[in-house]
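The following exercises ask the reader to work from coordinates to a description. Each task is followed by a solution in steps.

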Amino acid sequence: TTTLKNSETITHKVQFLSADTSAVMKSGSVEFNLESTDLKESLADQLGYYQLGMMHSHPYLSHEMDIEQVRQRGANYSKGDLESFEWQLNRYASDEAYHLEILLTIKQMERFN
């Protein structure tokens with residue numbers, strides 16, 4: 001459910017998820033392929049769908065951070081994340097633009113049993 005500035009509420013039903021296999025993963029960041037993103041948006045539009053946003057992960061191996069560090073700062077958006085969100089919002093010429101971004105923080109844990 002999204003509440004707009006004018007207090008109008010819009011409810012969205014997620015019917016389709018698509019993994020971005022064209023993204024280039026680097027140590028500490030991911031660079032998405034704009035051409036691929038545009039193609040997916042165009043295809044979704046032709047099928048009657050609207051892209052609400054994106055999802056990405058912050059994965060941590062067991063030696064990178066302990067669980068408390070992950071809870072304190074591993075689940076926060078990075079500066080690059082925030083710049084990407086702003087770019088996504090500015091990409092559309094509308095005062096009513098919005099962008100849903102889901103962050104999935106994953107921490108490798110040792111087995112205890």
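A salt bridge is taken here as a side-chain nitrogen of Lys or Arg within 4 Å of a carboxyl oxygen of Asp or Glu. The model is predicted: local features need pLDDT of at least 70, side-chain atom pairs count only at pLDDT 80 or more, and totals for chains, interfaces and linings use all residues. Residues are numbered from 1 along each chain as its sequence is written, and side-chain values use heavy atoms, with hydrogens and water left out.

**Exercise 1. Salt bridges**

Solution. 
Step 1. One joins the side chains of Lys79 and Glu83, at 4.0 Å from N to O. Both residues belong to helix 3 (residues 79-90) and stand 4 residues apart, about one turn of the helix. Helices (H or I, at least four residues) and strands (E, at least two) are DSSP runs, numbered from the N terminus.
Step 2. Another joins Arg71 and Glu68, at 2.9 Å from N to O. These two are 3 residues apart in helix 2 (residues 67-74), which separates them by about one helical turn.
Step 3. Accessibility is then classified: buried means under 20% relative accessible area, exposed over 50%, and partly exposed in between (1.4 Å probe, protein chains only). Lys79 is exposed at 65%, and Glu83 is partly exposed at 46%. Arg71 is exposed at 58%, while Glu68 is partly exposed at 41%.

**Exercise 2. The fold and two positions within it**

Solution. 
Step 1. Of its 113 residues, 16% are buried. Among contacts (heavy atoms within 4.5 Å) with a separation of 6 or more, 61% join residues 24 or more positions apart.
Step 2. Leaving aside residues up to four places away in sequence, Tyr60 touches Met65, Val70, Gly74, Thr105, Ile106, Lys107 and Gln108. The C-alpha atoms of Tyr60 and Lys107 are 4.8 Å apart, although 47 residues separate the two in sequence.
Step 3. From His12 to Leu52, 40 residues along the chain, the C-alpha distance is 8.6 Å.

**Exercise 3. The largest pocket**

Task: Give the volume of the largest pocket and describe its lining.

Solution. 
Step 1. On a 1 Å grid over the protein atoms alone, a pocket is an open set of points where a 1.4 Å probe fits, with protein on both sides within 12 Å along at least five of seven lines; lining residues have an atom within 4 Å of a point.
Step 2. The largest pocket has a volume of about 2,000 Å³, counted as the space filled by probe spheres set on the points, which are joined across faces, edges and corners. Of its 49 lining residues, Asp20, Met54, Met55, His56 and Glu101 are the closest to the centre.
Step 3. Strand 5 gives the most to the lining, with 8 residues.
Step 4. The lining divides into 24 nonpolar, 17 polar and 8 charged residues. Here Ala, Val, Leu, Ile, Met, Phe, Trp, Tyr, Cys and Pro count as nonpolar, Asp, Glu, Lys and Arg as charged, and the others, Gly among them, as polar.
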